[in-house]
Amino acid sequence: MKNNFKKAIGKIHLWLGLSSGIIVFIIAVTGCLYAFQEEIQNITEEYRFVEKQDKLFLLPSQLEKIARKEFPDKALHAIKYNGSEKSTEAIFFHYEPTYYHIVYLNPYSGEVLEKANMDEGFFRFILDGHYYLWLPHDIGQIVVASATLIFLVLLISGLILWYPRNKNATKQRFKFNWKKGTKWKRKNYDLHNITGFYVCLIALIFAITGLVWGFQWFACSYYTVLGGEKSLVYEDPISTKSKLTLEKPLDKVWTLMQKQYPNAKSIEVHPPENDSTSIAANANPEEGTYWKTDYRYFDQYTLEEKEVNHIFGKYENAAISDKLMRMNYDLHTGAVFGLTGKIFAFLISLLIASLPISGFYIWWGRNKKKVIKA
């Protein structure tokens, strides 16, 4: 019975691996290449930084006026202040029609340092491969998510196949023991088997965090299993329309956020999208991660603070399940453990990329052997 079960698992592992291997390889390699994009861009793009000055930042309304001249026909999504030694970002973003531009500004003088099209460039190309396999987004997202789900099954089935039958086989499951004269087929088999075991846990985290973005049903199921009770859908609270309007409400929200979060690494304020939405603002206490960000919402007419019933609220109100969902990106990239975590994630991704290759050679070697015998 055990042999029949393992044979069935082996067949599933084989055919799922052959059908999705190339996609898993591309996802893993593009993940490696994207791992240090922020660090690389900080080194190569000087306009991200400014000289610290002993003066106040310009207000959002002042920076907004300057930035809108650069893209007068596009919607301003947010003004993001990144501290005293970094340029401020005026973010122009929209889904339909789709565009994503950033105007980098000196927060002290308002000087336009750079206009960047975020839909172009090397790292955008890599990210499109990782998320969409360079296919149209509606199609590519489903293909990548499906391949990630298959990869999750491969990890579980691979662990079952890895489990040793007896004590003698156990030694060969944990360490390489390539004696002189060992054939390359055996080395390749051990490489696939042992590497797969050691990366399994981290690979499971990569797969699960990837599937949270890939399928809405998976995200909801995962959150429910974690004990989550809030909505995963981001929504701006409604502002009650009023004839009485405040003068420069975005500036008032920014001033409030700056006072309440004096040590924040970044503070972002969002103009209301229309006359019924709120002013959204957020403050991030850490650089390089996002999960501890405080998200706040204010009525655009009265500045009354609005509460929300989704996970993107105040950090202090987040349950453990909410924090894990907010941490999804930082876990996926390894950033939750700082630069060390990113390096570790990079190395694990490389090893994951090797699994489809070594797995293919196991199948190819066995198949070739059968042909020769015939």
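Reader: Let's start with E5 and E6. In which sense do they pair, and over how many bridges?

Author: Keep in mind that this is a predicted model. Strand E5 (residues 266-270) pairs with strand E6 (residues 279-284) in the antiparallel sense, and five bridges link the two.

Reader: And what stands opposite His270 in E6?

Author: That's Ala280.

Reader: OK, zooming out a bit. In what order do the strands of the sheet come?

Author: The order is E4-E3-E2-E1-E5-E6-E7. Those seven strands make an open sheet with antiparallel pairing.

Reader: Which strands stand at the edges, then?

Author: E4 and strand E7 (294-298). Each has a single partner strand, so one side of each has no neighbour in the sheet.

Reader: How much are neighbouring strands turned against each other?

Author: On average by 15°, if you ignore direction.

Reader: Which helix packs on that sheet?

Author: Helix H3, residues 60-70. H3 touches strand E1 (76-81), strand E2 (88-94), E3, E4 and E5, and its direction makes about 125° with that of E1.

Reader: Back to the E4 end. How many bridges join E3 to E4?

Author: Five bridges, between E3 (residues 99-105) and E4 (residues 112-117), and these strands run antiparallel. In that pair, His101 stands opposite Asn117 of E4.

Reader: What does Gly110 do in that hairpin?

Author: Gly110 takes a positive phi near 85°. The hairpin of E3 and E4 has six residues between its strands.

Reader: Switching topic: where is Leu135?

Author: Leu135 is in the loop that runs between helix H4 (122-132) and helix H5 (137-162).

Reader: Why is Leu135 called partly exposed?

Author: Because its relative accessible area is 34%, and partly exposed covers the range between under 20% for buried and over 50% for exposed.

Reader: What does Leu135 touch?

Author: Gly140 and Val143, leaving aside residues up to four places away in sequence.

Reader: Now the whole chain. How many helices and strands are there?

Author: The protein chain has 12 helices and seven strands. Its C-alpha trace spans about 85 × 45 × 35 Å along the principal axes, and 42% of the 374 residues are buried.

Reader: What about the surface and the charges?

Author: The accessible surface is about 21,800 Å², and carbon and sulfur atoms account for 60% of that. There are 45 positive and 37 negative side chains, with the centres of the two sets 20 Å apart.

How values were computed:
Residues numbered from 1 in each chain as written. Predicted model: local features only at pLDDT ≥ 70, side-chain atom pairs only at ≥ 80, totals over all residues. Heavy atoms only, no water. Helix = DSSP H or I, 4+ residues; strand = E, 2+ residues; numbered from the N terminus. Buried < 20%, exposed > 50% of the residue type's maximum accessible area, 1.4 Å probe, protein only. Areas by Shrake-Rupley, 256 points an atom, 1.4 Å probe, with all protein chains shown as cover. Lys, Arg positive; Asp, Glu negative; His and termini not counted. Charge placed at Lys NZ, Arg CZ, Asp CG, Glu CD. Pairing = 2+ DSSP bridges. Axes fitted to C-alpha atoms, helices over the stretch in contact; angles between N-to-C directions. Contact = heavy atoms within 4.5 Å.
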